[in-house]
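This report describes selected features of one protein chain. Please keep the sequence and the structure in view while reading.

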Amino acid sequence: MNTCHIFKCEGIAKNYKNEPVVQDISLALHEGGFISLLGPSGVGKTTLFNVLSGVEKPDAGKVFLNGEDVSGISGKVSYMLQKDLLLEYYTVLDNVILPLLIRREKKKEARKFAAGFFPMFGLEGYEKNYPSELSGGMRQRAALLRTCLAAYAPCGAGKKEMVILLDEPFSALDAITRRKMQLWYADIAQKMKISTLFITHDVEEALALSDTIYILNGKPGCITKKIDVKRPQNGEFAEQKQMILEAIGVAATPTFLHSSEF
């Protein structure tokens, strides 16, 4: 893997109503890497993503993409929220081309370009269907394709480096579908050379997908531990899971060690 830092933030702080939500957040994403941000509810994970995506300006610190200061500038990285936010009155194809139309691509060319990705995303044959006709997993794949297309250069011009922020994208799915989606996304990210920042409450999901896990904890939220993930073997999975649970402040009882969420 290329060890270049394609995306990073330094000393990020964000306040609401003069109350600090996150403070002194620094992290670095390697090109093609996968970082998970793990922590209890209410510690500012989504607030941090709003800052990293440029939706909100930090009160302190900076965000960099390829060395360029992009603090408070939206559209530089792609951001997918927990809900798929598909428009029910648009076909699946017309949903996924929305980022291209926003960039003033011609609809005919945008449809042709986006349709080329449907087989890779398991959506071939569903271009003219509506979201209500899709399963939960298929809706998430459509939303992820739309997110990926937001990171692409104009139709036919290749792609720019893709950095994607995903805020618990699989949490609403049943356990079996979620696992399939995790495996599918890991494969897609490798094929499309996507660099990913991922919010999750699922310890096993973080261990399965990530190169690095950052633990966000406290009020205000701050990074309390950085864990470089070892691919589980010979009992290492349980050891790493116990380390994460302890960092979050959850007692690592046998019950928790056999449960993925907290």
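Phe 34 is buried, because its relative accessible area is 7% and buried means under 20% relative accessible area, exposed over 50% and partly exposed in between (1.4 Å probe, protein chains only). The model is predicted: local features need pLDDT of at least 70, side-chain atom pairs count only at pLDDT 80 or more, and totals for chains, interfaces and linings use all residues. Residues are numbered from 1 along each chain as its sequence is written, and side-chain values use heavy atoms, with hydrogens and water left out.

A pair of aromatic rings is described by the distance of the centres and the angle of the planes. Rings of Phe, Tyr and Trp (its six-membered ring) pair if their centres lie within 6.5 Å; planes under 30 degrees apart count as stacked, over 60 as edge-to-face and the rest as tilted. A search of the whole structure finds seven aromatic pairs. One of them is the edge-to-face pair of Phe 34 and Tyr 185, at 6.1 Å centre to centre and 75° between the planes. This pair links distant parts of the chain, since Phe 34 is in strand E3 (residues 34-38) and Tyr 185 is in helix H6, 151 residues apart. Helices (H or I, at least four residues) and strands (E, at least two) are DSSP runs, numbered from the N terminus. Tyr 185 is buried, with a relative accessible area of 1%.

Phe 34 also pairs with Phe 198, in a tilted arrangement with 5.4 Å centre to centre and 50° between the planes. Here too distant parts of the chain are linked: Phe 34 is in strand E3 and Phe 198 in strand E8 (residues 194-200), 164 residues apart. Phe 198 is buried, with a relative accessible area of 1%. Ring pairs join Phe 34, Phe 170, Tyr 185 and Phe 198 into a cluster.

Ser 36 is placed in strand E3 and is buried, with a relative accessible area of 0%. Contact means heavy atoms within 4.5 Å. Leaving aside neighbours within four places in sequence, Ser 36 is in contact with Phe 198, Thr 200, Ala 206, Ser 210, Thr 212, Ile 213 and Tyr 214.

## Helices H5 and H6

Two packed helices are described by the angle between their axes and the distance between the axes. Helix H5 (residues 136-150) and helix H6 (residues 175-191) pack at an angle of about 30°, with their axes 10 Å apart. Axes are lines fitted to C-alpha atoms, for helices over the stretch in contact, and angles run from 0 to 180 degrees between N-to-C directions. H5 and H6 are therefore roughly parallel to each other; angles under 35 degrees count as roughly parallel, over 145 as roughly antiparallel, 65 to 115 as roughly perpendicular and the rest as oblique.

Which residues of H5 and H6 meet? Gly 137, Gln 140, Arg 141 and Leu 144 in H5 meet Thr 177, Met 181, Trp 184 and Tyr 185 in H6.

Helix H1 (residues 45-52) is mostly covered, with seven of its eight residues buried. Among these buried residues are Thr 47, Leu 48 and Phe 49. Just after H1, Gly 54 takes a positive phi of about 90°.

Tyr 16 lies in strand E1 (residues 5-16) and counts as partly exposed, at 34% relative accessibility. Leaving aside neighbours within four places in sequence, Tyr 16 is in contact with Val 21, Thr 47 and Glu 56. The C-alpha atoms of Tyr 16 and Thr 47 are separated by 9.8 Å, while the two residues are 31 residues apart along the chain.
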